[in-house]
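Reader: Please take a close look at one helix pair and what surrounds it. Keep it brisk.

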Amino acid sequence: MRIHINQFLMGTSIALALGVAAPTVTGVASVWLEGTAVAADLPVYKDATASVEARVEDLLARMTLEEKIVQMTTVWDGKVKFVGPKGEIDLAKLKAAHPLGIGQYARPSDVAGAVSPRVAKRLDARQTVALVNKLQKFMVEETRLGIPMLFHEEGLHGYAAVDATSFPQAIGLASSWDTDLIREVNELTALEMRARGAHLALSPVVDIARDPRWGRFEETFGEDPYLVGEMGVAAVEGLQGLNRARTLAPGKVFATLKHLTGHGQPESGTNIAPAPISERELRENFFPPFEEVVTRTGIEAVMPSYNEIDGVPSHANTWLLQDVLRGEWGFKGAIVSDYVAIDQMAGIHHVAPDIESAAVLALKAGVDSDLPDGTSYKTLPQALKDGKVTMAMIDDAVRRMLSVKFRAGLFENPYANADEAEAVANNADGVALARKAAERSLILLKNDGTLPLKLGKSKPTVAVIGPSAAVARLGGYYGEPRNPVSLLDGMKARLGDSARVVFAEGVKITENDDWWADEVKLADPTENRKRIAEAVKVAKGADQIVLTLGDTEQTSREAWADSHLGDRASLDLVGEQQELFDALKKLGKPITVVLINGRPASIVKIAEEANAIIEAWYPGEQGGPALAAVLMGDVNPGGKLPVTLPRSVGQLPMFYNHKPTAHRGYLFDTVEPLYPFGYGLSYTTFDLSEPRLSAASIPTDGSVTVSVDVTNTGKVAGDEVVQLYIRDKVSSVTQPVKELKGFKRVTLKPGEKQTVELTLTSKSFRLWNDRMERVVEPGEIDIMTGANSVDLKTVTLTITD
């Protein structure tokens, strides 16, 4: 081990001055001083050869109460006290504000906490590394025990920083139905983040999303527990590594599993609202993605949700965090709070009279770290003095936070390398992967033959119109890539001199599109109607119209405060977008609609009248080139819906795996969705055979392989996603009409056939019986396969005693 001997002596002298135990003799190592090996006694926690557990216990025994509280708290808004606009650090102010150091530091890439990067510019790669290294140097060399700092960053769909690669939003990534792609995207996210000195990513989100009024819909992998679980596992493996990795390799960061739980079906569709969900519903639908990640990966951090379940906020829910998460699932890592969520138990939930009492509730429930500024947990010393918590509770939390640091290798190398950070930042590999991810996420919802665009005559005109045509919409928790490309620029680059590309905005959705800004002001309808008239004028001479409709980052986003809303009571297109479509439709030109949005929209009339529709969600920095490639037929779209698209808000909740008694019917309307879960078209055609079983019957602990032949019966290469669903014909408690239990995306040339094999184990058939026991019941199971959740072929499997 290499340390400076004066650091060890300084730690001893400071300890004596504070009246606490000085470092004790617990191990022997070599101390390197100016290149000379000197025999000296070193504490176990500084010995890299010792086990993590031994190092944690040794360090914990040396810490004062105040030092322990530091490890349980974070700095975010408070960074403005000692960090300048370019990341420069005032050491005197740092020491005055944090004489015992800082346990965790939120988002080193920003300098002003909860402020838009349009207002306070984020730090670039080199500036971020300089900040991280200066802070770590202070921690290692100028605090008594030399405990390094833990830095966390956002990484939902790429590292949320300047010059970082921006991928499609999570809902778009899920539309790929490609776990290998999810893993690859998160590997690159981890590489960029780790290079700048962060070791913890606040992602992925594995909430299932069941109410598209909810503004955070875009952050999820969709509505289905199985799909979300598989995507979540792949994301964590990409960030942390394979084989349940709990020790970080180079280029890796720890993941944070969000948000446990019920977050995705809030009452009235409003963020943090109560989730009136029974234990059965939790166990059948909301728990499974979290359980899959916890039991199959080395996930190191879990974040509870803001909402309450059955009257208990998740940050105070001992049953949820201790009995289920740590007990049933065996989670060993740290539980970190959502931002200000502990404070909210006093300020919003009113289950505590003040933040001091809220801190007690959270600690007793098992929350180890208070994000983002540790406001509540800073009161724990008084709670300890008053006998409201015990030192054992505090020690347990500190153990877990220290374990994260040791497993991250922070005690051996807390520093980052600016050259490496710049080299990996949004480089050619990142841009190529962003393009690939965007292409594989695009979903063709309708096509009457208009696509690929046919530009037969010499110098045809393509009108690219719409509020998101000339801007690359990235979605919430976004990074700032170097060269994001809009659809308009993508089409211009693709067509070059072969066609004339004209543009009109058509309508403006909101006056501002800053995701961070509190106020959301709709654009002036009068001005929009002038824009519509101009768009009609521009499109009159066009041979093809490509029209973008949907959201801005303000009309679908996280509502994190009463003054910062992002949920909606309607699924209709915002503002005058429908008027724009209607006006262009009257021209009699072929219209392709590209939906660029964060959640499903009610587009019944457009679905009837448009010639083609592509669901792009927020497609990331390379959405423009990817869309151009699909529109022109260079790429055959193969994405599938990870959610059900409802016809109207009146159909909600609308999800495919409903119970048999749901959706009996409406007067004067249909219960059928606009587009079903798993749906997506192609420029080619596929034939899927009936499923074949490796055995007609299996015991309750057995398994079966399901085989499906997939043939490309069209004229171009393309992708198909084979989807496998099951239905228990008769069960002791009601079961969904169908449940996804397997899928695989395959690429086939014209005429090519491939046999897809998917294995179902006893785990696939488990249910929670009327005694809330998890069992496999004997009986008949429908095994259904197809290209979406509706067009299925069925065979029956018998499960015997």
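Reader: Is the crossing of α18 and α19 left-handed or right-handed?

Author: The crossing of α18 and α19 is right-handed (the near helix is turned clockwise from the far one by less than a right angle). The model is predicted: local features need pLDDT of at least 70, side-chain atom pairs count only at pLDDT 80 or more, and totals for chains, interfaces and linings use all residues. Residues are numbered from 1 along each chain as its sequence is written, and side-chain values use heavy atoms, without hydrogens and water.

α18 and α19 pack at about 30°, axes 10 Å apart (lines fitted to C-alpha atoms over the stretch in contact; angles run from 0 to 180 degrees between N-to-C directions). That makes them roughly parallel (under 35 degrees). From α18, R529, I532, A535, V536 and A539 meet E579, L580, A583 and L584 of α19 (contact: heavy atoms within 4.5 Å).

In α19 (577-585), Q577, L580, F581, A583 and L584 are buried (under 20% relative accessible area, 1.4 Å probe, protein chains only). They share one side of α19, because their arc around the axis is only 165°. Their cover includes β13, α18, β15, β16 and α20.

α18 (525-539) lies across β13, β14 and β15. It runs at about 170° to β14. The sheet is open, six strands, ordered β12-β17-β16-β15-β13-β14, with mixed pairing (at least two DSSP bridges per pair). β12 and β14 are its edge strands. Neighbouring strands are turned by 20° on average, direction ignored. β13 and β14 run parallel, joined by five bridges. In one of them, I465 partners A504 of β14.

Note on methods. Helices (H or I, at least four residues) and strands (E, at least two) are DSSP runs, numbered from the N terminus. Buried means under 20% relative accessible area, exposed over 50%, partly exposed in between (1.4 Å probe, protein chains only). The arc is that of the directions from the helix axis to the C-beta atoms. Angles under 35 degrees count as roughly parallel, over 145 as roughly antiparallel, 65 to 115 as roughly perpendicular and the rest as oblique.
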